[in-house]
Amino acid sequence: MRDQVDFIKLIDAHKGILYKVANAYCARREERGDLVQDIIVELWRAYPRYDGTRAAFSTWMYRIALNVAISAHRDAGRRVSEALSLDLGDMDFAATDRELASGDDGLHALQQLMASLDDISRALILLYLEGYEQDEIAELTGLSASNVSTRLHRIKQRLHEQAQNGKSS
Amino acid sequence: MSGMDLDQLRGRWQQQSRRIDATLSLDIERVRARLQMRTQSAFQRHTRWLLLALGFGAATLLALGLFTFTNRQDVAYLLASVPLLGLVLAEFVTDFRQWRTLARLDSSQPIIEVRATLQALRTRRLRMVRWILLSCVLLWLPALAVLLKGLFGIDLLRGLHFSVILANLLLGFACIPFGILLMRWLGERLSGAPAWQRMLDDASGSSFSAAQNHFESQLGFEAQLAQSPDTRSLLEQMDASWPAPTVALLRSLQRRVLASVFCYATLILLLGNFNVEHGGQPQFLVPGLLLHFVALAQMIASIVDRVLLVQIGPGQVLDVQSQLLTLRRIAHWRVKLAQITIIALPLALLAAFQVLPEVLWRVDWLGAASAQLHVALAIVTAFSCAGLALQMRRRPDTSRLLDVLSFGVLAKNRALRQQLEHHLRSK
């Protein structure tokens with residue numbers, strides 16, 4: 001039986017995951033805000049089933065966050081607006097966006113590449129960049145280790161080709 | 001372009017991530033709002049299904065009632081249809097009571113009371129399902145007989161041997177106490193099992209269960225917030241203090257609403273007096289009554305706003321997020337009323353042009369006008385109303401006119417919400 005831990009504190013300690021996943025799947029700031037809130041709500045609903053002995057909170061959080069993000073990304077065209085939607089104004093992603101914009105060319109190119117990838121590949125590369133090894137990524141995403149390895153290899157190749165095209169132009 | 005190796009970028013990405021982490025802040029209020037919104041939407045979806053069920057139930061009741069009346073001389077079919085009618089009526093009443101309770105559910109009530117209400121609705125629904133299950137063995141044959149007789153004229157009861165009908169009746173009656181015992185035993189043995197809970201969720205209505213689950217999530221989250229000392233103190237700070245301009249704006253809104261109540265009340269009294277004086281004179285009574293109803297609708301809206309605004313303010317029981325929701329709800333219905341008023345404006349203006357000359361100069365200009373002018377006015381008014389209705393569909397947010405029709409309440413409401421949202425973000 002896991003200890004009762006303050007959910008809010010855990011989320012707060014790992015809030016970076018929320019925003020990185022949202023940034024990987026949403027181009028528009030207001031969509032990012034919505035996705036972050038959706039992820040938190042799903043985390044809360046799944047929290048009673050979280051077993052701290054089987055996976056770290058960050059790993060569990062990534063799994064749920066990516067599932068929500070991928071579902072939202074796929075359903076974006078079919079989404080029905082909520083009745084009496086709240087217009088609470090934009091979340092303050094301005095500071096985050098400034099930090100992202102101040103990154104070097106390599107990171108900008110990486111962001112562009114991520115935006116062009118399919119849902120699953122985005123999840124793979126995000127986890128890889130966050131320091132997860134291939135076997136951990138496989139377990140997190142439910143893909144086979146060889147599938148993860150193949151996909152990451154292809155992404156690396158695309159990045160290399162993008163760099164080559166950039167040099168020649 | 002250098003540094004495009006993914007493994008090299010990994011390190012730089014992680015450095016950037018650490019810098020980004022330092023800029024982020026978690027907005028609990030938006031999570032609460034999102035949970036509230038999900039609960040509301042889930043209940044709205046369930047209500048739509050309920051209305052569908054009520055429609056179907058009403059049609060079934062009508063059909064069964066007609067059948068019972070038509071076959072009232074035939075004892076066999078009377079005995080077959082009356083219990084069915086009772087069961088369908090009980091089901092209809094259960095659905096209706098659930099729909100009515102959910103329609104009146106006040107989200108600003110204490111959460112524990114709302115939870116108890118939802119649980120009572122679920123219990124009532126499960127009880128109804130239980131009785132349907134218990135009586136299905138008894139009533140399947142009468143239901144089939146009534147259906148065949150009603151739809152195709154086939155007399156099943158007379159086609160079957162009496163022993164078959166008797167055996168079915170005896171078995172059906174025997175199944176009832178047996179079924180009660182079985183359900184009690186299953187309930188005791190399986191009460192914690194997920195499969196049993198899923199079955200109960202399906203029996204109480206999957207859309208209702210989904211809505212109730214959303215509500216429980218919201219309740220649990222609120223409880224979590226209440227336990228967490230950091231978030232509790234932050235929320236208390238946010239709720240207890242409002243900036244002075246925001247408080248001033250709230251007071252101004254409250255005064256404006258009160259003023260609109262008095263203005264419309266005065267108009268209603270004057271129009272009431274006019275209508276009494278012109279009883280028996282339809283050329284004045286009809287426009288007078290029309291204007292009376294318009295003023296009455298506006299006054300009722302203002303009274304409702306006044307009552308709801310009592311919950312708004314620093315140090316109230318409702319937290320700021322719920323107060324924002326209330327303000328938005330007030331604005332939503334005010335906009336709807338103003339849009340209807342805009343559509344009816346040509347008619348109201350025509351009525352006013354008939355009433356005012358009579359009040360001021362005792363002139364009945366419509367009575368003096370020709371029939372062709374009456375027809376022309378009717379056509380122009382009808383087309384204008386239709387045109388405005390179309391305009392409202394295309395551009396529902398014609399802010400200035402809506403503000404004027406709401407006595408300026410909408411503009412102040414909007415300004416107050418903006419200030420409150422700014423206040424929330426700055427905390």
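Predicted model: local features only at pLDDT ≥ 70, side-chain atom pairs only at ≥ 80, totals over all residues.
Among contacts in chain A with a separation of 6 or more, 65% involve residues 24 or more positions apart. The chain exposes about 8,600 Å², and carbon and sulfur atoms account for 46% of this area.

Helix 2 of chain A covers residues 15-25 and is largely enclosed by the rest of the structure, because 10 of its 11 residues are buried. The buried set comprises Lys15(A), Gly16(A), Ile17(A), Leu18(A), Tyr19(A), Lys20(A), Val21(A), Ala22(A), Ala24(A) and Tyr25(A). Two of the names in this set, Lys15(A) and Lys20(A), are lysines that count as buried.

Helix 2 of chain A packs against helix 3 of chain A (residues 29-46) at an angle of about 130°, and the two axes are 9 Å apart. Helix 2 of chain A is therefore oblique to helix 3 of chain A; an angle over 145 degrees would have been needed for the pair to count as roughly antiparallel. The crossing of these two helices is right-handed. From helix 2 of chain A, the residues in contact are Leu18(A), Tyr19(A), Val21(A), Ala22(A), Asn23(A) and Tyr25(A). Their partners in helix 3 of chain A are Arg32(A), Leu35(A), Val36(A), Ile39(A), Ile40(A) and Leu43(A). Sorted by class, this contact holds 10 nonpolar residues, one polar residue and one charged residue. Leu18(A), Tyr19(A), Val21(A), Ala22(A) and Tyr25(A), which take part in the contact, are also listed among the buried residues of helix 2 of chain A.

In chain B, helix 12 (residues 320-361) packs with helix 2 (residues 28-70) at an angle of about 50°, with the axes 10 Å apart. Helix 2 of chain B and helix 12 of chain B are therefore oblique to each other, and their crossing is right-handed. Helix 2 of chain B contributes Glu29(B), Arg30(B), Ala33(B), Gln36(B) and Gln40(B) to the contact, while helix 12 of chain B contributes Gln321(B), Ser322(B), Leu325(B) and Arg329(B). By class, the residues of this contact are two nonpolar, four polar and three charged.

Helix 12 of chain B also meets helix 10 of chain B (residues 244-277). The axes of helix 10 and helix 12 of chain B come within 14 Å and cross at roughly 30°. Because angles under 35 degrees count as roughly parallel, helix 10 of chain B and helix 12 of chain B are assigned to that class. The crossing is left-handed. Leu253(B), Ser260(B) and Phe274(B) of helix 10 of chain B touch Leu327(B), Arg334(B), Val355(B), Glu358(B) and Val359(B) of helix 12 of chain B. This contact is made up of five nonpolar residues, one polar residue and two charged residues.

Ile343(B) is also part of helix 12 of chain B. With 26% relative accessibility, Ile343(B) counts as partly exposed. Beyond its neighbours within four places in sequence, Ile343(B) contacts Cys385(B), Leu388(B), Ala389(B) and Met392(B).

Ser209(B) belongs to helix 8 of chain B (residues 206-227). Its relative accessibility is 3%, so Ser209(B) counts as buried. When residues up to four places away in sequence are not counted, Ser209(B) touches Arg122(B), Asp201(B) and Ser204(B).

Arg362(B) lies in the loop between helix 12 and helix 13 (365-368) of chain B and, at 58% relative accessibility, counts as exposed. Phe407(B) is located in the loop between helix 15 (399-405) and helix 16 (409-426) of chain B, and its 27% relative accessibility makes Phe407(B) partly exposed.

Definitions and conventions: Residues numbered from 1 in each chain as written. Chains lettered and ligands numbered in written order. Heavy atoms only, no water. Axes fitted to C-alpha atoms, helices over the stretch in contact; angles between N-to-C directions. Helix = DSSP H or I, 4+ residues; strand = E, 2+ residues; numbered from the N terminus. Parallel < 35°, antiparallel > 145°, perpendicular 65-115°, else oblique. Left-handed = near helix turned anticlockwise from the far one by under 90°. Contact = heavy atoms within 4.5 Å. Nonpolar A, V, L, I, M, F, W, Y, C, P; charged D, E, K, R; others polar. Areas by Shrake-Rupley, 256 points an atom, 1.4 Å probe, with all protein chains shown as cover. Buried < 20%, exposed > 50% of the residue type's maximum accessible area, 1.4 Å probe, protein only.
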